[in-house]
Amino acid sequence: MNKTFDRYASLIFLMIGAAFMLESFRISKSAYGSNVGPNVFPFLLGLILVLLSIKLLLETLKYTAGHFSKKKLQYKKFLVILASAILYAILLEPVGYVITTFLFLIIGFQTMEKGNLLRAVFIAGAFSFGVYYVYVEILQGTLPGWPVWFS
C-alpha cells in the first residue's frame, strides 16, 4: 500500500464513477420488454465506485507510517482472473448468465483462496441463481437465460 498512490487512485476512480453516473442519464430510460431500463446498471455501478472511492480516500487519511508492508505481486492470480473475465464476457450470451456467472465465481474463489470447494460452489450458485431471479423475475429485467442446447 502506498498512501500517495491510494489517494490519487481514489480520486481517479471517484471521477470515473461520477462520469458513469452522469452519462447514465443520457441512456434511454426504458427497454423493450423490461421494467428496468438500461440506464440503471451503469448508474448503480458508478454509485458503488464513487462510494468505494470515498471510503478509500478517507482511509488514506488514517494511514500511519508503520501501515505499509512490501508484498510480492501475484501476477499469476491476476492473469487467471483477467482471462476468466474475458471468457465470461465472450461466453455470456451463448452460454447464459447463470452458467457463466457460476463458473466465473468458482474460478475467482479458487484462484484467490484454494480449497473449500463446497463453500465456493454454494456461494457461487446462490449468487448466480439469486441475482438472476431477483433481476428477471422480480424487477422484470432481461438477462441471457439458459443456452438453447441446455433446454
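1. Buried means under 20% relative accessible area, exposed means over 50%, and partly exposed lies in between, with a 1.4 Å probe and protein chains only. This is a predicted model, in which local features need pLDDT of at least 70 and side-chain atom pairs count only at pLDDT 80 or more, while totals for chains, interfaces and linings use all residues. Residues are numbered from 1 along each chain as its sequence is written, and side-chain values use heavy atoms, with hydrogens and water left out.

2. The protein chain has five helices and zero strands, where helices (H or I, at least four residues) and strands (E, at least two) are DSSP runs numbered from the N terminus. Of its 151 residues, 25% count as buried. The accessible surface, taken from the Shrake-Rupley method with a 1.4 Å probe, comes to about 11200 Å², and 73% of this belongs to carbon and sulfur atoms. With contact meaning heavy atoms within 4.5 Å, 58% of the contacts between residues at least 6 apart in sequence join residues at least 24 apart.

3. Three aromatic pairs are present in the structure; rings of Phe, Tyr and Trp (its six-membered ring) pair if their centres lie within 6.5 Å, and planes under 30 degrees apart count as stacked, over 60 as edge-to-face and the rest as tilted. One of them joins Phe-25 and Phe-43, whose ring centres are 5.6 Å apart with the planes at 55°, so this pair is tilted. Phe-25 sits in the loop between α1 (3–24) and α2 (40–60), and Phe-43 lies in helix α2, 18 residues apart. Phe-25 is exposed at 52% relative accessible area, whereas Phe-43 is partly exposed at 25%.

4. Tyr-88 and Phe-104 form another tilted pair, with 5.2 Å from centre to centre and 35° between the planes. Tyr-88 belongs to helix α3 (residues 75–95) and Phe-104 to helix α4 (residues 97–112), 16 residues apart. Tyr-88 is partly exposed, with a relative accessible area of 22%, and Phe-104 is partly exposed at 25%.

5. The axes of α3 and α4, as lines fitted to C-alpha atoms over the stretch in contact, with angles from 0 to 180 degrees between N-to-C directions, come within 8 Å and cross at roughly 175°. The two helices α3 and α4 are therefore roughly antiparallel, a class for angles over 145 degrees. Tyr-88 and Phe-104 are among the residues that meet in this contact.

Key
Parallel < 35°, antiparallel > 145°, perpendicular 65-115°, else oblique.
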